[in-house]
Amino acid sequence: MSLSTRLIVVLVVSVQVFSSLAGPSTPRDKDLRNDIKKDEIDLTSDSSINEEPSREEQDCLRFLVQNMPVTDHMSLRYTFLHNQAHYALKARADNPWASVVPWDIFLNNVLPYANLDEPREDWRTSFYELFSPLVTNTASTLDAATALNYQIWTLGDWNISFKAGQTPDIMSPSQVLSHGYASCTGLAIFFVDACRAVGIPARVAGIAEWTETGGNHNWVEVWHNGVWSFTEPLGFPNRPWNQTWFFPDPVRRAKLHSYAHGIYAASFQHTGHLFPLAWHDEYESTVPGYEVTKYYLDAAVEADPVMALDGDDAVSVAVGQVGGPGPDVAQPIANDGGKEEEELIA
């Protein structure tokens, strides 16, 4: 059995187990948010775990329970959460750069088992075993993430590639592996999960709708020494950070404090703000997030300060790579002949 097939079987089984634990219908998070006491959990081990949780594992479990979506409360088991805490702490101890990550950054950007609203599955155990050797001799979180981004997509018999219009059908690691491709959201989730599995703080960032051109995009941010740097999945050797097709344009056209046209970074911990999900009507979401538009706007000005005037509008005269890899979300529309076809619009 190939590496890809073995890992898919493991991940799919975890999805089936979680699905069987959920009820026939799953209420929306916002309907139950006030009905569940998220600080209540039995931290004693059950029959499938051979050891009591350590104090650090208990802290991790409390963080997950206090911040996890209500639907996850209904479907995930203690054994799953304990496994997340155990392997996240194990990865934290493996490398010097992982062990010095601040505890709050670790809790919110290494420990979590999910990024957005992708299907829940235990990717961490297999990813830890597969990807830890790839970062053994790296010097920092950025160095380790660069090494992962270059190697994980073609590891063993994998040949993972980009294909537009796959969200929300292909988002979780098992879905990416079973198809061999995903659009930007699925690839970003896969890369963030790979980073977290080896102790690298990482998160999904993105915009629900570019101004002027439309379409959404999601990418990856990695933490290093107090700063978040961004990149795209599917990296090449020594791919530089903060240099992508969307920076500085069209990033510089993002709108501050706009839910649709601003730039957000996903969070597991509650923030009082939401990360817009482009594949839902009105970008509806229950995923916590931070608005990081100003950071990107300031960085775009710093990276490309030379501007020219076209009438009343400022236009960059030294932009980055033109065009993107393609849109993320596919929706049906009517064509001129009256038949429906799929146009990738977001």
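Since the model is predicted, local features were kept at pLDDT of at least 70 and side-chain atom pairs at pLDDT 80 or more, while totals for chains, interfaces and linings use all residues. Residues are numbered from 1 along each chain as its sequence is written, and side-chain values use heavy atoms, with hydrogens and water left out.

Starting with the overall picture, the protein chain has 12 helices and 11 strands; these are DSSP runs (helices H or I, at least four residues; strands E, at least two) numbered from the N terminus. Of its 346 residues, 53% come out as buried. Buried here means under 20% relative accessible area, exposed means over 50%, and partly exposed is in between (1.4 Å probe, protein chains only). The chain exposes about 15900 Å², and carbon and sulfur atoms supply 50% of that; the areas come from the Shrake-Rupley method with a 1.4 Å probe, and for residues only the protein chains shown count as cover. Among contacts with a separation of 6 or more, 64% are between residues 24 or more positions apart, a contact being heavy atoms within 4.5 Å.

Next, the inside. In soluble globular proteins, nonpolar side chains tend to be buried together. A nonpolar core is taken as a set of buried Ala, Val, Leu, Ile, Met, Phe, Trp, Tyr and Cys residues joined through side-chain atoms within 4.5 Å. The largest such core holds 48 residues, and those touching the most other members are Leu116, Phe131, Leu148, Ile152, Phe190, Ile200 and Val222. Two or more residues come from each of α6 (96–99), α8 (124–131), α9 (141–151), α10 (173–179), α11 (184–197), β3 (202–207), β4 (217–224) and β6 (263–266). Helix α11 is the top contributor to this core, with nine residues. As for Ile152, setting aside its neighbours within four places in sequence, its contacts are Phe131, Leu134, Trp158, Phe190, Phe191 and Ala194. There is also a second, separate core of 24 residues, with Cys60, Leu64, Met68 and Val110 among them.

Val65 sits in helix α3 (residues 55–67) and, at 3% relative accessibility, counts as buried. Its C-alpha atom is 8.6 Å from that of Leu81, a residue 16 positions away along the chain.

An α-helix has 3.6 residues a turn, so residues three or four places apart point the same way.

Then the rings. The structure holds 23 aromatic pairs, where rings of Phe, Tyr and Trp (its six-membered ring) pair if their centres lie within 6.5 Å, and planes under 30 degrees apart count as stacked, over 60 as edge-to-face and the rest as tilted. Trp210 and Trp219 are stacked, 6.3 Å centre to centre with 10° between the planes, and both are buried. Phe230 and Phe246 are tilted, at 5.8 Å and 35°. Phe230 lies in strand β5 and Phe246 in the loop between β5 and β6, so this pair ties together parts 16 residues apart in sequence. Both of these Phe residues are buried too. Ring pairs join Trp210, Trp219, Phe230, Trp245, Phe246, Phe247, Tyr295 and Tyr296 into a cluster.

Charges also turn up over rings (NZ of Lys or CZ of Arg within 6 Å of the ring centre and within 35 degrees of the ring normal). Lys163 lies over the face of Tyr181, 4.6 Å from the ring centre, and the charged end of Arg203 sits over Trp228, 3.9 Å from the centre of its ring.

Finally, the backbone. A cis peptide bond joins Thr167 and Pro168, with omega about 10°; Pro168 is in the loop between β1 (161–162) and α10. Another cis peptide bond joins Phe247 and Pro248, with omega about 5°, and Pro248 lies in the loop between β5 and β6. Leu234 is found in the loop between β5 and β6 and has a positive phi, near 65°; at 29% relative accessibility, Leu234 counts as partly exposed. Asn238, located in the loop between β5 and β6, has a positive phi of about 55° and, at 69% relative accessibility, counts as exposed.
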